[in-house]
Amino acid sequence: MSAADEAAILLESAASIADLERMVDRRLNGEPIEHVVGWAEFCGVHIAVQPGVFVPRRRTEFLVEQALALLPPKAVVLDLCCGAGAIGAALRARSPRVTLHAVDVDPAAVACARKNVHAPVYEGDLYAPLPPPLHGTVDVIVANVPYVPTGELPLLPSEARDYEPLISLDGGADGLDVLRRVAAGAPEWLVRGGRLLIETSEEQAAAAVRAFESSGLCARATSDDEFGATVVIGTTHE
Ligand SMILES: C[S@@+](CC[C@H](N)C(=O)[O-])C[C@H]1O[C@@H](n2cnc3c(N)ncnc32)[C@H](O)[C@@H]1O
């Protein structure tokens, strides 16, 4: 984002000159602008983002586009590792007949998601907090899981390292620990022919596809240069 764009966002968001001065100070100290103003734009939707919660990335809009292309009418969608709830909120904005459920393990993220998605947001580890009747009823699971390999965390920009929680970034030794657990659990919750979409990096895509296949899903990876994004898409067998 350009400095001029940031200045416009700060001016639009500040309630007074004193407020503006406080915001500029926070930004100059390196805090992400989305935390400073309390919102991020994602797929054209304003998403409330509190300090301490992962800031939705523009590249994740590619995951939303891929999911929209696969949604059946009146789809049941599960947004796992929902963070502020950006993916689910964007899907609902573009496809209002979606029935949405969202989960995150971090109480701060859950509180934030509850402001953004007018749907149940469960707190807990992946599928654990979901109501049992949801078994076998989900058409599409979308997940932007933490996928930074632990050894690469020090290479992240300080906006991420210093202002976003470790649990939102750290994907374990190869970055795929959470992805593997999401893939392993997905067939139990999906309808026949249901889909699982997870954002990953281009370097991780081949290993992520194998993890999906080991979980009994047919899988493929798709990338987009403009978004700089890669998504692995799995389908349960009919
Ligand atoms: C990369 S952030 C993505 C957030 C959101 N989906 C987005 O795209 O803006 C990953 C999220 O996964 C959550 N998370 C990490 N481990 C989890 C787990 N075992 N169960 C549920 N949520 C988890 C984190 O709290 C964080 O909010």
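Let's start with Tyr 147, which sits in the loop between strand 6 and helix 7 (158–163); helices (H or I, at least four residues) and strands (E, at least two) are DSSP runs, numbered from the N terminus. Tyr 147 is buried, at 14% relative accessible area, where buried means under 20%, exposed over 50%, and partly exposed in between (1.4 Å probe, protein chains only). Leaving out residues up to four places away in sequence, Tyr 147 touches Arg 59, Leu 169, Gly 171, Gly 175, Glu 199, Thr 200, Ser 201 and Gln 204, a contact being heavy atoms within 4.5 Å. Take Ser 201 from that list: Tyr 147 and Ser 201 are 54 residues apart in sequence, yet their C-alpha atoms are 7.9 Å apart in space.

A word on the model itself. It is predicted, so local features need pLDDT of at least 70 and side-chain atom pairs count only at pLDDT 80 or more, while totals for chains, interfaces and linings use all residues. Residues are numbered from 1 along each chain as its sequence is written, and side-chain values use heavy atoms, with hydrogens and water left out.

Now for the interior. In soluble globular proteins, nonpolar side chains tend to be buried together. A nonpolar core here is a set of buried Ala, Val, Leu, Ile, Met, Phe, Trp, Tyr and Cys residues joined through side-chain atoms within 4.5 Å. The largest one has 37 residues, and Phe 42, Val 77, Leu 91, Val 142 and Leu 197 have the most contacts inside it. At least two residues of this core come from each of strand 1 (39–42), helix 4 (61–70), helix 5 (86–94), strand 4 (99–104), helix 6 (107–116), strand 6 (138–143) and strand 9 (229–235). Helix 5 gives the largest share, 5 residues. There is also a second, separate core of 30 residues, with Val 209, Ala 211, Phe 212 and Leu 217 among them.

Setting aside neighbours within four places in sequence, Val 77 is in contact with Leu 71, Leu 91, Val 98, Thr 99, Leu 100, His 101, Val 138, Val 140 and Val 142.

Next, the aromatic rings. A pair of aromatic rings is described by the distance of the centres and the angle of the planes. Rings of Phe, Tyr and Trp (its six-membered ring) pair if their centres lie within 6.5 Å; planes under 30 degrees apart count as stacked, over 60 as edge-to-face and the rest as tilted. The structure has 2 such pairs. Phe 62 and Phe 227 make a tilted one, 5.9 Å centre to centre with 35° between the planes. Phe 62 is in helix 4 and Phe 227 in the loop between strand 8 (218–224) and strand 9, so this pair ties together parts that are 165 residues apart in sequence. Phe 62 is buried at 4% relative accessible area, whereas Phe 227 is partly exposed at 24%. The other pair is Tyr 127 and Trp 189: their ring centres are 5.9 Å apart and their planes at 5°, so they are stacked. This pair also links distant parts of the chain, with Tyr 127 in the loop between strand 5 (121–123) and strand 6, and Trp 189 in helix 8 (residues 177–189), 62 residues apart.

Phe 227 turns up again around Glu 61. Glu 61 lies in helix 4 and is buried, at 11% relative accessible area. Beyond its neighbours within four places in sequence, Glu 61 is in contact with Glu 41, Phe 42, Cys 43 and Phe 227. The Glu 61 side chain also makes a polar contact with the side chain of Arg 58 (2.9 Å); that term means a pair of N or O atoms within 3.5 Å, and within protein one must be able to donate a hydrogen and the other to accept it, with residues adjacent in sequence counting only if both atoms are side-chain atoms.

Finally, the ligand. Of the 18 residues around it, Cys 81, Asp 104, Asp 125, Leu 126 and Asn 144 come nearest, a residue being near if one of its heavy atoms lies within 4 Å. A backbone N or O atom of Cys 81 is 2.8 Å from a ligand nitrogen atom, and a polar backbone atom of Leu 126 is 2.9 Å from a nitrogen atom of the ligand. Cys 81 lies in the loop between strand 3 and helix 5, and its phi is near 60°, a positive value in a residue other than glycine.
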